[in-house]
Amino acid sequence: MAGSGLTFDEVDYAKRALTADQVREIVAAAGSVSAVLNARHERAKAGGWKERPPEPEAFVTAALAEPNLLRRPILVAGPEGARAAVVGNQPEEMARLLRG
């Protein structure tokens with residue numbers, strides 16, 4: 001997205017941890033834990049989360065301890081109360097979200 005002319009805040013959560021509120025916002029904007037879950041992560045596999053994702057608060061706790069449970073990249077856009085998210089490598093969906 002760099003060089004696109006768009007203004008955005010980039011968060012590298014490997015360097016600066018997400019807060020519980022940020023993870024909650026991502027899950028809410030994406031619509032579900034399933035939409036943001038990295039099902040290839042060992043903890044997700046061991047828990048059978050691909051078939052039965054955890055409740056949002058349990059996922060928030062897990063993602064704070066292990067940020068790689070979140071699929072990447074994550075784009076959250078839109079006004080407060082009406083935010084939407086695109087998760088994973090989906091450039092066309094990201095462009096659509098940014099166009100509004």
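# Exercises on a predicted chain

The chain has a mean pLDDT of 90, and 92% of its residues reach 70 or more, where pLDDT is the predictor's confidence in each residue, from 0 to 100. The model is predicted, so local features need pLDDT of at least 70 and side-chain atom pairs count only at pLDDT 80 or more, while totals for chains, interfaces and linings use all residues. Residues are numbered from 1 along each chain as its sequence is written, and side-chain values use heavy atoms, with hydrogens and water left out.

**Exercise 1.** Find which residues of helix α4 are buried, and which elements they pack against.

*Solution.* Begin with the element itself: α4 covers residues 56-65 and has the highest mean pLDDT among the elements of the chain, 98; helices (H or I, at least four residues) and strands (E, at least two) are DSSP runs, numbered from the N terminus. Next, pick out its buried residues, which are F59, V60, A62 and A63; buried means under 20% relative accessible area, exposed over 50%, and partly exposed in between, with a 1.4 Å probe and protein chains only. Finally, follow their packing, which is against α1 (20-30), α2 and α3.

**Exercise 2.** Decide whether H41 is buried or exposed, and list what H41 touches.

*Solution.* First locate H41 in the loop between α2 (33-36) and α3 (42-46). Its relative accessibility is 16%, and therefore H41 counts as buried. Leaving out residues up to four places away in sequence, H41 touches E66, N68 and L69, a contact being heavy atoms within 4.5 Å.

**Exercise 3.** Describe the pairing of β1 with β2, and find the residue with a positive phi in their hairpin.

*Solution.* Strands β1 and β2 (residues 84-87) run antiparallel and are joined by four bridges; two strands pair if DSSP finds at least two bridges between them. Within this pair, V76 stands opposite A85 in β2. The hairpin has six residues between the strands, and G78 takes a positive phi near 115°.
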